[in-house]
Amino acid sequence: MSGVRAKPTGSTLKTNSGAGRVLVAIYGIFALAATARASVQLITRFEEAPLAYLLSALAGLIYIVATITLARGTRGSRRLAFVAIIIELIGVITVGTLSVVDPEAFPRATLWSIYGIGYGFVPLVLPILGLALLWHTRPVNP
Amino acid sequence: MIDALAYSVIALAGVAVIWGIVTAIANKPPGKAQLVYAAALEIVTLGQSIIAVAKIIGGFRPVELATTIGYLIGIVILIPIAWFWANVERDRFSGIVLAVAALAVFAMTLRLLVLWTPAG
């Protein structure tokens, strides 16, 4: 891991290379899980909890954007990935906290309920790893 | 769903997870046997989904019909995509990519066993 960045040429590390590919794979699975979950919720019982289900859809969209931008790994897509992951982090912390403090507001579980407990808390760890990857692979000469 | 088939998928996927981690620790890309094994896991998973969908068409109604169908479709696309993504660049992380997909297949099959409860 270390030593690679010491090369004077720099910017050899990319979000779609090495360990970054594992994170892209995990993001891809969550993109699929969140989108599928939101689709089922919105199609079959939207009126039960519109807010929770729209948040599920937003989560799905964010995961899709993060997956594609991290997989592309270009400079422009890195910027988009950063925005998506920041929204993701805010989302999981906000929804997670609200679902603990006020369960009535979230009668239906979303992917981010209780910080993603239904998914082994991976939704909470994922944005942190995403930001770490962006930091670790940041261009040496901006 | 056939319980024996589901447990086979769970066992096969579990081995795939461990295999992926082992090659990553050994700092090797997945070997041919490992890739063939992943393909075999996909075939069994695909068989399970086809049988389950056939049962639904035949009249079986799980409590969460839409969710169950979503799982049955979603579970079969994981390994092929992971296979492709693992081979884009062949290194130790290729094994982890396969392991992540196999873990998802593992977890989704466990969930399918719960979902496969007749409605009312």
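Which residues have the most contacts inside the largest nonpolar core? The legends below, for a predicted model, begin with this core.

**Figure 1. The largest nonpolar core of the predicted model comprises 66 residues.** The residues with the most contacts inside this core are B:Val97, B:Val100, B:Ala101, B:Ala102 and B:Val105. The elements that contribute two or more residues to the core are H1, H2, H3 and H4 of chain A, together with helix H1 (3-25), helix H2 (32-57), helix H3 (65-87) and helix H4 (92-115) of chain B. H4(B) gives the most, with 15 residues. In soluble globular proteins, nonpolar side chains tend to be buried together.

**Figure 2. Surroundings of B:Ala101, one of the residues with the most contacts inside the largest nonpolar core.** Neighbours within four places in sequence are left aside in this view. B:Ala101 is then in contact with B:Leu78, B:Ile79 and B:Ala82, and with A:Ala25 of chain A.

**Figure 3. The contact between chain B and chain A involves 16 residues of chain B and 14 residues of chain A.** On the side of chain B that touches chain A, H3 and H4 of chain B each supply at least two residues. H3(B) gives the most to this side, with 8 residues. By class, the side of chain B that touches chain A has 11 nonpolar, 3 polar and 2 charged residues.

**Figure 4. Helix H4 of chain A (residues 122-136) and its buried side.** The end C-alpha atoms of H4(A) are 20 Å apart; this agrees with the 21 Å that its 15 residues should span at 1.5 Å a residue. Buried residues of H4(A) are A:Pro123, A:Leu126, A:Pro127, A:Gly130 and A:Leu133. Because these residues cover an arc of only 120° around the axis, they lie on the same side of H4(A). An α-helix has 3.6 residues a turn, so residues three or four places apart point the same way. On the other side of H4(A), A:Ala132 and A:Trp135 are exposed. The buried residues of H4(A) pack against helix H1 (19-45), helix H2 (50-72) and helix H3 (75-101) of chain A.

**Figure 5. Prediction confidence along chain A.** The mean pLDDT of chain A is 86, and 87% of its residues reach 70 or more. Among the elements of chain A, H4(A) has the highest mean pLDDT (96) and H2(A) the lowest (92). Over residues 1-11 of chain A the pLDDT is below 50. Beyond near neighbours in sequence, this stretch has 9 contacts in the model. Where pLDDT is low, the predicted coordinates should not be read in detail.

Note on methods
Residues are numbered from 1 along each chain as its sequence is written. Chains are lettered from A and ligands numbered from 1 in the order in which they are written. This is a predicted model: local features need pLDDT of at least 70, side-chain atom pairs count only at pLDDT 80 or more; totals for chains, interfaces and linings use all residues. Helices (H or I, at least four residues) and strands (E, at least two) are DSSP runs, numbered from the N terminus. The expected span of a helix is 1.5 Å times one less than its number of residues. A residue is buried if 20 or more other C-beta atoms lie within 10 Å of its own, exposed if 12 or fewer, and partly exposed in between; C-beta atoms are placed from the backbone. The arc is that of the directions from the helix axis to the C-beta atoms. Two residues are in contact if their C-beta atoms, placed from the backbone, lie within 7 Å. A nonpolar core is a set of buried Ala, Val, Leu, Ile, Met, Phe, Trp, Tyr and Cys residues joined through C-beta atoms within 7 Å. Ala, Val, Leu, Ile, Met, Phe, Trp, Tyr, Cys and Pro count as nonpolar, Asp, Glu, Lys and Arg as charged, and the others, Gly among them, as polar. pLDDT is the predictor's confidence in each residue, from 0 to 100.
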